Amino acid sequence: TCMDCRIDPAAAFGIPLGDAHVIRNAGGSAREALRSLVVSEQLLQTNEVFVIKHTHCGMMGTTNEKINDTVEKNLGQEALAELNGLDWLPFADLEQGVKDDVKFLEDSKAVPDGVHVSGWVYDVEDGKVHSVGK
């Protein structure tokens with residue numbers, strides 16, 4: 001899920017503390033989370049993955065160029081050079097972003113067939129989630 005502090009996945013899904021690995025990053029990107037997902041499933045026997053993006057996400061509707069411009073303005077050219085070529089993984093459409101991430105994980109050879117992957121949207125206004133079909 002996203003790193004946004006308004007998101008409480010345990011409460012939204014009724015999961016007791018200690019029963020889920022919550023992997024967070026900007027935009028809730030499955031691509032960025034893959035390393036941690038592999039550790040979770042291979043070393044800790046996780047067998048289910050919820051891909052969760054949320055309403056009013058700052059990564060939705062932005063671009064790599066806009067983020068790079070902000071980095072250069074706020075941190076300078078050297079910081080931008082250090083991050084050269086980094087894909088910030090923005091997305092244009094919330095539900096399509098969830099679907100794309102679910103497909104990425106389902107197609108990944110690093111995610112075994114026995115791991116169930118589902119997609120969800122978290123509404124930051126009311127804390128409720130809804131399933132996103134394929």
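This is a predicted model: local features need pLDDT of at least 70, side-chain atom pairs count only at pLDDT 80 or more; totals for chains, interfaces and linings use all residues.

Student: Okay, how many salt bridges does the structure hold?
Tutor: There are three. A salt bridge here is a side-chain nitrogen of Lys or Arg within 4 Å of a carboxyl oxygen of Asp or Glu.

Student: Which residue does lysine 53 form a salt bridge with?
Tutor: Its partner is aspartate 101, and the closest N and O atoms are 3.1 Å apart. The pair links distant parts of the chain, 48 residues apart, with lysine 53 in strand β1 and aspartate 101 in helix α5 (residues 94-107). Helices (H or I, at least four residues) and strands (E, at least two) are DSSP runs, numbered from the N terminus.

Student: Is lysine 53 buried or exposed?
Tutor: Lysine 53 is buried, with 3% relative accessible area. Aspartate 101 counts as buried too, at 8%. Buried means under 20% relative accessible area, exposed means over 50%, and partly exposed lies in between (1.4 Å probe, protein chains only).

Student: And what does aspartate 107 pair with in a salt bridge?
Tutor: With lysine 103, and their closest N and O atoms are 2.5 Å apart. Both residues sit in helix α5, four residues apart, about one turn of the helix.

Student: Switching topic: what is the strand order in the sheet?
Tutor: It is an open sheet of three strands, ordered β1-β2-β3 with mixed pairing. Two strands pair if DSSP finds at least two bridges between them.

Student: Why is one side of β1 and of β3 left without a neighbour in the sheet?
Tutor: β1 (48-54) and β3 (129-132) are at the edges and each has a single partner strand, so one side of each has no neighbour in the sheet.

Student: How many bridges join β2 and β3?
Tutor: Four, and β2 (residues 116-122) pairs with β3 in the antiparallel sense. Glycine 119 stands opposite valine 132 in β3.

Student: Last one: where is leucine 43 found?
Tutor: In helix α2 (residues 30-44). Leucine 43 is exposed, with a relative accessible area of 59%.

Key: Residues are numbered from 1 along each chain as its sequence is written. Side-chain values use heavy atoms; hydrogens and water are left out.
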